[in-house]
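I opened the model to look up a handful of local features and a few whole-chain totals. The entries below follow the order in which I went through them.

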Amino acid sequence: MAEEDSSQEKTEEPTERRLQKSREEGQVPRSKELATTLVLVIGALGLLAFGPWMADHINTIARFSFSLEREALFDTRIMSNHLGAALWEATLALTPWLILVLIAAFAGPLGVGGWLFSTKAITPKLDRLNPLSGLKRMFSMNSLVELVKAWAKVLVVGAVAVAVLLFSFDYIMGIKHEPTELAIMHTIDTIIWAVIFLCLSTILIAIADVPWQVYSHTKKLRMSMQEIKDEYKETEGKPEVKSKIRQLQREVAQRRMMADVPDADVVITNPTHYSVALKYAAESMQAPILVAKGSDQVALKIREIAKEHNVAQMQAPPLARALFTHAKVGEEIPEGLYVAVAQVLAYVFQMDQFVKGSGPKPERKPDMPIPRDLRVDPDGSSPN
């Protein structure tokens, strides 16, 4: 039992298929701290950029709202139009900033895990209602990390707030001696910069949270060796099934190859092992093509088919071995064997003319020169 348990330990990194399947189910690493930080920082910088624009429109709304004539207070139609104009002015004031924050909210998830929409992530799961599972999550490592992050946010943001107050203390105290309008402007400016620094402080939390979320997600998807083997079998197929498929593929290819033997011009043989069938049409081919080859039983079958269809056969063991080893079915023969094969085809053509009584008998078989780098010894090895 101990050996079985140890074999199921999830110590291996998740495979690409496991990661893809997890993504399809809506499970990707997410950093809420990064998304929150991005919204806060962009929102604060947006206030700095669009603050004067927003303040100008808000000032316009205030002046417009408090400049009603007495008659307008008793006319509901005028009041409705007045309210509509104020709302339109407020929309113009807030729209640029809201668009900026909206972009930041959508861009946040792209930082870790990328953009993803999956309905499986929101599908109700009964195991989430299990009290025992809930207690287990409450006392898990992830809950401890979330607690640490919460305390870290309080400490970091609090420390930055204290630092900002201490740094700006004299400036803030000096505002009370300024004229009202100038004091309001300086107060707003101080608040905006304080907000910016407080928002920037959350970057420290996000920097620590991002690698943790990636590590936690990867660890959750880790696999045991048995899971990897099972996945490989599902993806690649069982060995016996793959072997059967390869066998069927070989049989189909062999039948197709045998069907081309009757169209061959010559079959060159090594009487004990090899047979190769060649075809050459000068008007459509640049070089002879190997249409079939085989050893042992396949070689015998090629000879039988060649005999049934009156295809010329010629014994040339060195050339048969070279063609069998270096030429592929359906492709042109190697350039180094052009001369030897040309001599064989010429000899077969002369012999055919002699049999038909329209030509002299060839005096002798061709030499069939084979380059040293294409020679194959009877044992199937190439000579050094």
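**Entry: Thr 37.** I began with Thr 37, which counts as buried at 6% relative accessibility. The cut-offs I used are under 20% relative accessible area for buried, over 50% for exposed and partly exposed in between, with a 1.4 Å probe and protein chains only. Thr 37 lies in helix 3. Leaving out residues up to four places away in sequence, Thr 37 touches Cys 199, Thr 202, Ile 203 and Ala 206; contact means heavy atoms within 4.5 Å.

**Entry: ground rules.** I noted that this is a predicted model, in which local features need pLDDT of at least 70 and side-chain atom pairs count only at pLDDT 80 or more, while totals for chains, interfaces and linings use all residues. Residues are numbered from 1 along each chain as its sequence is written, and side-chain values use heavy atoms, with hydrogens and water left out.

**Entry: totals.** I listed 12 helices and four strands in the protein. Helices (H or I, at least four residues) and strands (E, at least two) are DSSP runs, numbered from the N terminus. Of the 384 residues, 26% count as buried. The accessible surface comes to about 25,900 Å², and carbon and sulfur atoms hold 63% of it; the areas come from the Shrake-Rupley method with a 1.4 Å probe, and for residues only the protein chains shown count as cover. For contacts between residues at least 6 apart in sequence, I noted that 72% join residues at least 24 apart.

**Entry: helix 3.** I then looked up the bend: helix 3 bends by about 65° at Phe 50, and Pro 52 follows within four residues. The bend at a residue is the angle between axes fitted to the seven residues ending there and the seven starting there. The buried residues of helix 3 include Val 41, Gly 43, Ala 44, Gly 46, Gly 51 and Met 54.

**Entry: His 57.** This residue is also in helix 3. His 57 is buried, with a relative accessible area of 10%. Setting aside neighbours within four places in sequence, I found His 57 in contact with Glu 89, Leu 92 and Ala 93.

**Entry: Glu 12.** I placed Glu 12 in the loop between helix 1 (2–7) and helix 2 (16–24). Glu 12 counts as partly exposed at 27% relative accessibility. Which residues does Glu 12 touch, not counting residues up to four places away in sequence? I found Arg 222, Met 223, Met 225 and Ile 228. Glu 12 and Met 225 are 213 residues apart along the chain, and their C-alpha atoms are separated by 6.9 Å.

**Entry: rings.** I counted three aromatic pairs in the structure. In one of them, the rings of Trp 193 and Phe 197 have their centres 6.2 Å apart and their planes at 35°, so the pair is tilted. Rings of Phe, Tyr and Trp (its six-membered ring) pair if their centres lie within 6.5 Å; planes under 30 degrees apart count as stacked, over 60 as edge-to-face and the rest as tilted. Trp 193 and Phe 197 are four residues apart in helix 7 (residues 180–220), so about one helical turn separates them. Trp 193 is partly exposed at 37% relative accessibility, and Phe 197 is partly exposed at 42%.

I also looked up a charge over a ring: the charged end of Lys 293 sits over the ring of Phe 324, 5.2 Å from its centre. The criterion is NZ of Lys or CZ of Arg within 6 Å of the ring centre and within 35 degrees of the ring normal.

**Entry: positive phi.** Most residues other than glycine have a negative phi. Asp 296 has phi near 55° and is found in the loop between strand 3 (289–295) and helix 10 (297–308). Asp 296 is partly exposed, with a relative accessible area of 45%. Asn 310 has a positive phi of about 60° and is found in the loop between helix 10 and strand 4 (312–315). Is Asn 310 buried or exposed? At 72% relative accessibility, I put it down as exposed.
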